[in-house]
Each structure stands twice: as structure tokens, then as C-alpha cells.
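Here are my notes for your next look at the model, as numbered points. I hope they are handy to keep beside the viewer.

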There are 2 protein chains.
Amino acid sequence: KFGSTTSFKNFTLSVWEFCKEDSNRVTFSLKVGLAVLLVSLLILCRTPYQVFGTNIIWSILTVAIMFEYTVGATFNRGFNRALGSLLAGVLAISIAELALRTGRTAEPIIIGFSIFIVGTVTSFMKLWPSLVPYEYGFRVILFTYCLIVVSGYRMGNPIMTAMDRLYSIAIGAIVAVAVNVLICPIWAGEQLHKELVSHFASLADALEECVGKYLKDDGSEHPEFTNTVMDEFPDEPAYRKCRSKLNSSAKLESLASSAKWEPPHGRFLHIFYPWSEYVKVGAVLRYCTYEVMALHGVLHSEIQAPYNLRIAFQKEIQDAASEAAELVRCLGKDITSMRRTLKTCLLKRVHSSTERLQRALDMHSYLLTSHHEPPDNSSRTHSRLSHALSSTFSNLSNHAADLNKLLEQNSDPPSQPLGHIPHLQEESYHEMMRKQSRRLYSWPSREVDAFEDGGNINSDCIPRMRALESTATLSLATFTSLLIEFVARLDHLVEAVDQLSKMARFEQEAL
Amino acid sequence: KFGSTTSFKNFTLSVWEFCKEDSNRVTFSLKVGLAVLLVSLLILCRTPYQVFGTNIIWSILTVAIMFEYTVGATFNRGFNRALGSLLAGVLAISIAELALRTGRTAEPIIIGFSIFIVGTVTSFMKLWPSLVPYEYGFRVILFTYCLIVVSGYRMGNPIMTAMDRLYSIAIGAIVAVAVNVLICPIWAGEQLHKELVSHFASLADALEECVGKYLKDDGSEHPEFTNTVMDEFPDEPAYRKCRSKLNSSAKLESLASSAKWEPPHGRFLHIFYPWSEYVKVGAVLRYCTYEVMALHGVLHSEIQAPYNLRIAFQKEIQDAASEAAELVRCLGKDITSMRRTLKTCLLKRVHSSTERLQRALDMHSYLLTSHHEPPDNSSRTHSRLSHALSSTFSNLSNHAADLNKLLEQNSDPPSQPLGHIPHLQEESYHEMMRKQSRRLYSWPSREVDAFEDGGNINSDCIPRMRALESTATLSLATFTSLLIEFVARLDHLVEAVDQLSKMARFEQEAL
């Protein structure tokens, strides 16, 4: 018994949390209750019942089907229902009148045939791509048509039946719209506005989280990628949120199409408010988000740059990422407060911090390439180079090879792939490299290794190991390049937001 | 008049194309027509009308609302409708009986109050995340409850009203399900199967297209990125298709949830067929697609590796990409034909071609770093290095600096950023570099340049230019790293498909 009380308590608590998270939910529920109550009163009370009769029952159906969460969606459904009913009514009356004149035997045949045709045509039309949003309207046409034409046949007066139906639907629709608009309206526009802003916030959070983890991750507590590939990344809430926003991109579009049905309201006072611009900004945001997804991919990739190498560029990466995140947040804030500020200063800071990152990467680019001898088949190298960079450069490359050889002699050549531990003083670095090389070995996957025929792959294990190492160091270059590309895309985001604020006539801040 | 006939002709043609593309659309439309016709006949014909009465009109409504495209979705809707109606009926009868006993004055108050409560509670419950799929069921409960309780109040016999409603709904549901299942059924499972396979194909196409364009693109006909960021990339049909698949990921889920309602059918003969595995494979595919999106980002980024450098690695990149695409296609084909083949051989080929790419990149990694002197603040370099790679390495770096200096003397130092044209024999290379550097200058964006205060940024234009160049060459490293990461993710894709084929008991091919 104690267990059931706790679970009930938990349940109540989660319901309470759910309500507190968005109080509109409660408002919406109460509004639906009120709307059906109002319509029911038309039957329950004596006077309106005597006026309208039992047909008023259709109003209840209309309210229950039409009442949507936001004002715009209700208008949209109402429009579908009204136009659908009207079209169906007109069509039904014409066909029924026509059928009536053909005599008692032909009448049911004509009616039946017309029902078949209407059913087929409406179902086909609702599959047509540009008509998909009006799917509900076609359903309404179908059943309204059937109801009017069939009951008209049995009751003998199709016009009367159609009228009864239409006015009861109209009453239901009026009640639904009135309750929805007049009592604590939930505007789709407002929701869209908030949703877009939350996209900005989640993008900024995900970027910072990803970069933060990348710089903190010393490879010691890295779980097997195999287990985490489709996992929920429990320690990365921002990434999960960002990914779910990416997957729910359709929400922005449906909100925008609802918002278009709404009259000017609240903060969105001028006519033809550019709701479709919100969708465009959302699309550019999605574009930026793909880069964060790629960054996250590098973070969880099996081939990782050594921790120490990452630390070397820590400051620059951190700076660029936090400047970029701040810009994104600032854009989001501007939309929230409907202000239009010049982003030049922030954008410049982002760019200069990115440039600092580029320059740091450039200065220390020799860190990114592994130091080893070029292979014996120098002819291949030669041809490759002459093809690539002109003969002047190919001469250079020979020099480079020589110089690399010199370098190699000074260094501790990593010739034993398994025991690849240079004799360094620092134990921590030693540890690090061991872990790193173990991780390198986990790719390619076991599956292939098991079937390895010991042929040409095992024999050249050393260069393979080296190539993997080189790829590992280049992974840092990838991370930074993706970060730089993200920053480059921010220009477009700034532009899109600027376009939105122009078209929505956001308040221009005094310079 | 001629114009209208051509446009009518075009219209007919596009309708014809639309039907031919998926003949199920026509089948579905005809089935809906048939179903409503069958239900209408119950009223139109004399005998059943005498048996059922006018209440049968509710069956028409049920058919029009319940009939869905696939069998599974129809079952799902039918379940919602049946359970909803039943619950509403039981509830309505209890409340109505209760209200009847309280006397004439209290009865409408109790009914009105109960309607309000039911409206509020059902609306609240359908917002609850785990109950969202049953949204339709809650609507049904709401209006069925209202209809029964209200008409029971006016007609005096709630049980009778409820029974009339329920059996007419049952007749409608039976007709809808019978027509949907017995006449050319459209199975959600079959659709899901095809949809997943098409995801595989579009991923492989997009990868090949992207890599192909990257290697072909010599920067000559590159439009401004600003104009193309949100454009439709008209010359990249595979990318567009892949992106639209990425955005329509909800389709797989809705098909899978429909498919769960379907009995074993066609090729999917055993019970508890693992439809949810399809969704998981789809998620892993989406994971791989993010990498292709990132590759596409590099392709259209403003900072590009020189064409000649890309050409240097052409063969390896091309090989790795086409092997990877082939593996993806092969996985798709296996799912299509429901066979289970060993992917080891293919996977090994993909891995070895990727390794060749890694090794090529490693051998020629000096191409990726720009050749210039380290800056004067060698102390900073020193600390960075010692921090990064231990003291042994930092000694090396001094060597490296000296060696780089040597290199620099031999080369033509790119010291004039604007006139940065080394005196090379080949005119084409010269041209290339000019284009390249123009492109480099287009980033950071004009906006910032316009507001540049000529301060600390313009003064160090030369290192800035160099840094951009270095970033440009590293863009190739990024491209290949992303490609390698794509290949690494293929392991998980192979695993997911393997899991699916195990659970779905695909036919094991003889070894």
C-alpha cells in the first residue's frame, strides 16, 4: 500500500511539473471543456433546444474536431471545415435535385454512383503534394456530402437537410473560434517566436558543450564507440536537445503555416507579418547545426588527436567557440526582444578570434604532420608533386624529404608499433600515448581483423600505424576546420536574422 | 483557347505521371470510393434501411474518418475509434443513469459538469508526450461522450442511444477494415521496407556526387556562397534528395508504428517482425548522413584547398568514396532482397582503400602545411610545445624551424599577399592561384571589412593571409577526415543491418 501511495505521489508530481513547464497546456484543456459545455448548453437548456432542435448535436462534433491548440490552427481547421462543408453542401444539393427528377428507380443509382466518384476524387486529391495541408478539408467534403445526399434521399428534402447541417456546423465553429480567441488565446505566432529563439539557445549550448568536452576529454574515460553510437549521450544534455530540435524541424513549418492564419496580435502588430522568414532563419540554423553535428562526430570518433595536442590550441579553440556561441545567443536575444542591433562588433570579434585560431594552427602546423621518412618509391612522390604543385615545388619536396630524414634521426623513430613508447621523462605522457595507441588499434573493427588473411595488410603494419597516427593528429585540424566553417556560416545566419528583422520591422536600436 | 488546351494537357500529363509514380495512389482512391459506396448502400437499399434505421448514417462518418492509406494506420485508427467509443459509451451510460436518478433539476447540471470535466481531461491527456499517438482516440472519446449523454438526455434512453451509436460505428469500422485489407491492401510494412532501402540509395548517391564534385571543381565556376546557402543546389539532385530524406525522418517512425499493427503478410511472415529495428537502422543512416552533410559543407565552403592539391589525392579519395558508396548500396540491396550476406570482404576493401588514403595523406602531409618561418615569439612556441609534446619534441621543433627556414629560402616566399603569384612557368597554375586568393579574400565577409577600423587587423595582413592559406590547404585534410569518419560509421551501419537481418530472420546466403 505504501508503494502505491509513493507512485501516486510521483505521478501527481510529474503531472504538476508538466503543467508548470507550460501553463498553456492547462489553459488549453480548460478552454476545450468550456467550449463543449457551451455547445451542450444549447441542447440542455429548454429555450435554445426548442429553437434549434436535435440537429444541434452536429455542433458538438464540430467543436470536438475543430478545436486546436493554437488560434491559427483552429482558424485553419475552421476554414477547411467551412469551405469543405459549403462545397459539399452545394454539390450534394445539385446532385440530389438532379437525382430527384430522374425518378424513383434511377435516384439511388445516381446517388450511389456520385458517392463513389466523390470518395475517389477527394481521396486522390488529398494525396496531391500541394493539397496535402488541406487533407482535413477533403475528409469533411466526403462525409458531409454523403450525409446530406443520403439523409436527403431518405427524408426527401435535401436542401432542408443541408441547411440544418450547415447552420449547426456554423454554430459549433463560431463557439470554438470565440472561445479560442477570446479566452487566453494561445497564438501560433508567439509559439513560433519562442520556438525559434529556443533553437538559437540550444545551438549555442551544444557548441559550447561539444568544444568544452573536446578540450577536457583526455581519452581516459572514453567508452566504446560501438555502445554509444546510437545512445542518448546522457552526459551531453545540450547535444541531445540540439539533435531533437534538428529532428523536429517540421514543427517550425507547421507553426508558421498556422501563424499565417492569425490576425495581428500581441507584439506582432503589422499585417503580413513575415512568418515565412522564421522558417528561413530556421533553415539557416539547421545548416549551422549540421556543423555542430560534425564537430560532435569528431569528438566521439575513435581516431582522436592526442590530448596534449588539443591542449596546445586550447585557448584559441575555446575563444573562437565561446565568441561564436555568444554571437548565436545574442542573435537569439535580439529576436526575443524584437530589437535590431548591429552585429558588426560581435561578428568582428568572432572573426578575429577565428583568425587567431587559424594563425595558431598555421604557426604550429608542423605539429599536425607526423615526422617520418618519405617512402622509397620517390618516383611516385615526384609525379604526384609535379602534378600537384608545379616543378618548382617538386624540387622543394626533395629538400623536404632530406630535411625530414634529418629530423627523423634526431627523434625517436616510432618503429615498433605495439611498443610505441618514446623514452620520455614524463610518466603521464607515456600513459597517454599508450591509451591513445590502444584506441587507434580499435579501428578498423574487430570483424575485419578476424577475417584478415595476413596478406598485404599485416605485412606493412608500420606505415599503417603511422598513417593512423597522422590521421589522428589531423583530426585536430578537422575539428578546427569545422569550427571555422561554423563561423563562416554564422555570416549567413546574421544575414538571415537581419532580413527577418527588416521585414518584421524590429525596433532599430539607436547607434 | 489554345493556351487552355495545352495547360489542360499538361495538367492531365502531370496527373498521369503522379499516378504512374505510385499506382497505390489510384488503388487507395478507388478503395475509399468503394467503402463509402458500400456503407451508403445500407441506407439506399430498402431492406437494410428497415433493419438499421437512420442511425446507420454514423457508419458513413466512421468510414470517412477511419480510412487511412495503409492497413496498419487504418487498424490503428480503428483501434483508437473502437476503444474511444467504448470507453465513452460506458462512461456516458453510467453518468446518464446517475443523473437520471437525481431528478429533473439536477440532471442537466450534472450532465453539463461532466461534459466540462471530460472535455478538460481528454484534452489534457492528449498533450501528454506518451499519449500523443492516441490523440485521435481522445477526440473520439470527447465527442462520442457528448453525443450520447446529450441525446440520451433529450431522448430519455441513454443505453439505447449508446447502443445505436456503437453498432453503427462498428458497421462502419468493419466495412472500412474489410475493404482496406481484402482489396489490394497497401501494407505499411512494405512501404517502410521500400522507404528504408531508398534512404540507402540516396545516401550512396549523395556521397558519390559530393566527392565527384569536390574532385572536379576547379574553382572557376563557383557562384557566391551567399546566394547558394539556402538554395536548392539545382545541379546536385542527389544531395537534395538526401537532405529531404534527412528532414523527413519522422516518416520512418510513423510507418513503423503503423506496421506494428499489421498481421504477418507478404514477405514479412513471422510474428513480431522487428519493425522497430528499421527505425534504428534509419537512425544510424541519419548518423552517416550528417557526415555527408559536413562533406557537402566543405565542398561549398569559401575557403577551399587548391585544385591541384585535391587532384594529388584524387585517386585515393575517389577509391575510398566509391568503395564506401558501394558498401552502402550493397547493404541496401541486401535489405531489398531480404538476404543476409557477409559484408567482411566489402568492408575490408573499404577499410583498405581508406587506409591507402590515410597513408597517402600521411606521406604527403608536408603538402598540407604552409612553409614559412615560425614567428619571433619563439618562447611562446617553446612553452606550447613542451606542454604539448614533451621536451624531446620541443628540441625537434627548433630543428624544424631551422629546416623550415631553409625551405623558405629555396622557395618563393609568398610575402606580398595581394600580388601573391609565384613566378611559375605554368600559366594555368598562376590563374588558379589568383582565383584562389580572390576567393580567400571573400572571407571574412564584406560587412566586417567595411567597418574595419584599420587597427590591429590590417597591420598584420601578411600572417593573416598565410593563415588563410594554411586553412585552405587544411580544408583538404578536413574533407578526407570526414570521409574517413564516414567510413568508420559504416561499421555501425553494417552492424545495425546485421542486427536487423538476424532479428528479421533474413535468408542466410550459403558461404
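1. Let me begin with Arg349(A), which is partly exposed in this predicted model, at a relative accessible area of 37%. On the scale used here, buried means under 20% relative accessible area, exposed means over 50%, and partly exposed is what falls in between (1.4 Å probe, protein chains only). Arg349(A) forms a salt bridge with Glu326(A), and their closest N and O atoms are 4.0 Å apart. A salt bridge here is a side-chain nitrogen of Lys or Arg within 4 Å of a carboxyl oxygen of Asp or Glu. Glu326(A) sits in helix α15 (residues 314-337) of chain A and Arg349(A) in helix α16 (residues 344-363) of chain A, so the pair ties together parts 23 residues apart in sequence. Glu326(A) is also partly exposed, at 40% relative accessibility. Helices (H or I, at least four residues) and strands (E, at least two) are DSSP runs, numbered from the N terminus.

2. A word on conventions before going further. Residues are numbered from 1 along each chain as its sequence is written, while chains are lettered from A and ligands numbered from 1 in the order in which they are written. As the model is a predicted one, local features need pLDDT of at least 70, side-chain atom pairs count only at pLDDT 80 or more, and totals for chains, interfaces and linings use all residues; side-chain values use heavy atoms, with hydrogens and water left out.

3. Next, a pair between the chains. Glu68(A) and Arg139(B) meet through their side chains in a salt bridge (2.9 Å, N to O). This pair crosses from the loop between α4 (57-66) and α5 (71-101) of chain A, where Glu68(A) lies, to helix α7 (residues 135-155) of chain B, which holds Arg139(B). Both Glu68(A) and Arg139(B) are buried. They belong to a network of salt bridges that links Glu68(A), Arg77(A), Lys126(B), Glu135(B) and Arg139(B). Over all chains, the count comes to 39 salt bridges.

4. Chain B has a salt bridge worth a look as well. The side chains of Lys251(B) and Glu195(B) meet at 3.3 Å, N to O. Lys251(B) is in helix α12 (residues 249-259) of chain B and Glu195(B) in helix α9 (residues 188-216) of chain B, so two distant parts of the chain, 56 residues apart, are linked.

5. On the surface, Phe79(B), Leu83(B), Leu87(B), Tyr134(B) and Trp261(B) form a nonpolar patch, with about 440 Å² of accessible area together. Patches are made of residues with over 30% relative accessible area and no salt bridge: like charges are joined within 9 Å, and nonpolar side chains (Val, Leu, Ile, Met, Phe, Trp, Tyr) within 5 Å. Accessible areas come from the Shrake-Rupley method with a 1.4 Å probe, and for residues only the protein chains shown count as cover. Phe79(B) is located in helix α5 (residues 71-101) of chain B and is partly exposed, at 34%.

6. Now for helix packing in chain B. The axes of helix α15 (residues 314-337) and helix α16 (residues 344-363) come within 9 Å and cross at roughly 160°. Axes are lines fitted to C-alpha atoms, for helices over the stretch in contact, and angles run from 0 to 180 degrees between N-to-C directions. α15(B) and α16(B) are therefore roughly antiparallel. Angles under 35 degrees count as roughly parallel, over 145 as roughly antiparallel, 65 to 115 as roughly perpendicular and the rest as oblique.

7. Two backbone spots deserve a check in your viewer. Cys184(A) has a positive phi, near 35°, in a residue other than glycine. Cys184(A) falls in the loop between α8 (158-182) and α9 (188-216) of chain A and is partly exposed, at 48%. Met338(B), again not glycine, has a positive phi near 55°. Met338(B) lies in the loop between α15 and β1 (339-340) of chain B and counts as buried, at 12% relative accessibility.
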